[in-house]
Amino acid sequence: MANHSSSASESSRFMQHHFVDADQQFDAAKMGMWIFLVTEILFFGGLFAAYVIYRAWYPELFTLASEELNTLWGGVNTVVLIGSSLTVAMAIKSAQLNQKKNIAINLAITLALAAVFMVIKYFEWTHKFHIGIFPGEFYSFEGIDHPKANIFFSLYYLMTGLHGIHVVIGMGLMAWLLWRSLKGHFDSEYYTPVEITGLYWHLVDIIWIFLFPLFYLID
């Protein structure tokens, strides 16, 4: 938790006027992020429920279709995201220890790992498009002998696509934090944006940890 002692709060450069002190501002920001995260969990929970229903209806299809996904690159992306969560945590810890240079370094590494994730995902998607694995009625791949094969890949594109959008938003937030950290805005007295964004990034990581086994490791 950020160090928001009374003396620190009064001298905070970034405390908004409508808060009593920095502690209240930090608690409000953290509460707001947790409420947002709950809505995100409910949103993805509906998608996971749809996955469970369709998998119960077509268990053979889901096992067969998952073989078209590249487990190796899915595993690499899992390691990449877990590593990025670690560097975010290290950025927060660096701020708590007033290590300003390390804040920027860890945020830059997080941003780079997120870019690696998206590049791998780009090549995965483009390969599938190339062989005709599109969502919905555009599906034309003939390598899976099942009339409802498009259902699996429609869920795959929907859920991994929405997750990818969250990664891109997180990259924008990381770039903003990196820019501010290079200007010296964060230290042991004020690092609320780093910690709040870290919570968001951990959720992005957790969602992928569920997506990876559900789509790539079914069998």
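S181 is buried, with a relative accessible area of 8%; here buried means under 20%, exposed over 50% and partly exposed in between, using a 1.4 Å probe and protein chains only. This is a predicted model, so local features need pLDDT of at least 70 and side-chain atom pairs count only at pLDDT 80 or more, while totals for chains, interfaces and linings use all residues. Residues are numbered from 1 along each chain as its sequence is written, and side-chain values use heavy atoms, leaving out hydrogens and water.

**Around S181**

- S181 sits in helix α6, which covers residues 149-182.
- Its side chain reaches the backbone oxygen of L178 at 2.7 Å; a polar contact is a pair of N or O atoms within 3.5 Å, where within protein one must be able to donate a hydrogen and the other to accept it, and residues adjacent in sequence count only if both atoms are side-chain atoms.
- Leaving aside residues up to four places away in sequence, S181 touches I103, A104, L107 and F186, where contact means heavy atoms within 4.5 Å.

**Overall fold**

- The protein chain has seven helices and zero strands; these are DSSP runs, with helices (H or I) of at least four residues and strands (E) of at least two, numbered from the N terminus.
- Its C-alpha atoms fill a box of roughly 70 × 30 × 25 Å along the principal axes.
- Of the 219 residues, 45% count as buried.
- Among contacts with a separation of 6 or more, 79% come from residues 24 or more positions apart.
- The accessible surface comes to about 11100 Å², and 68% of that belongs to carbon and sulfur atoms; areas come from the Shrake-Rupley method with a 1.4 Å probe, and for residues only the protein chains shown count as cover.

**The nonpolar core**

- The largest nonpolar core has 55 residues, and I144, F152, F153 and F215 have the most contacts inside it; such a core is a set of buried Ala, Val, Leu, Ile, Met, Phe, Trp, Tyr and Cys residues joined through side-chain atoms within 4.5 Å.
- At least two residues of this core come from each of α2 (22-57), α3 (59-66), α4 (71-96), α5, α6 and α7 (192-216).
- Helix α7 gives the most to this core, with 13 residues.
- I144 touches L61, L64, A65, E68, Y139, A149 and F153, again not counting residues up to four places away in sequence.

**Salt bridges**

- Side chains of opposite charge can pair when their charged atoms come close.
- There are two salt bridges in the count, each a side-chain nitrogen of Lys or Arg within 4 Å of a carboxyl oxygen of Asp or Glu.
- K30 pairs with E195, their closest N and O atoms being 3.1 Å apart.
- This pair links distant parts of the chain, with K30 in helix α2 and E195 in helix α7, 165 residues apart.
- K30 is partly exposed at 22% relative accessibility, whereas E195 is buried at 9%.
- E124 pairs with K121, the closest N and O atoms being 3.1 Å apart, and both residues are buried.
- E124 and K121 are separated by about one helical turn because they are three residues apart in helix α5.

- N98 has a positive phi of about 65 degrees although it is not a glycine.
- Most residues other than glycine have a negative phi.
- N98 lies in the loop between α4 and α5 and is partly exposed, with a relative accessible area of 39%.
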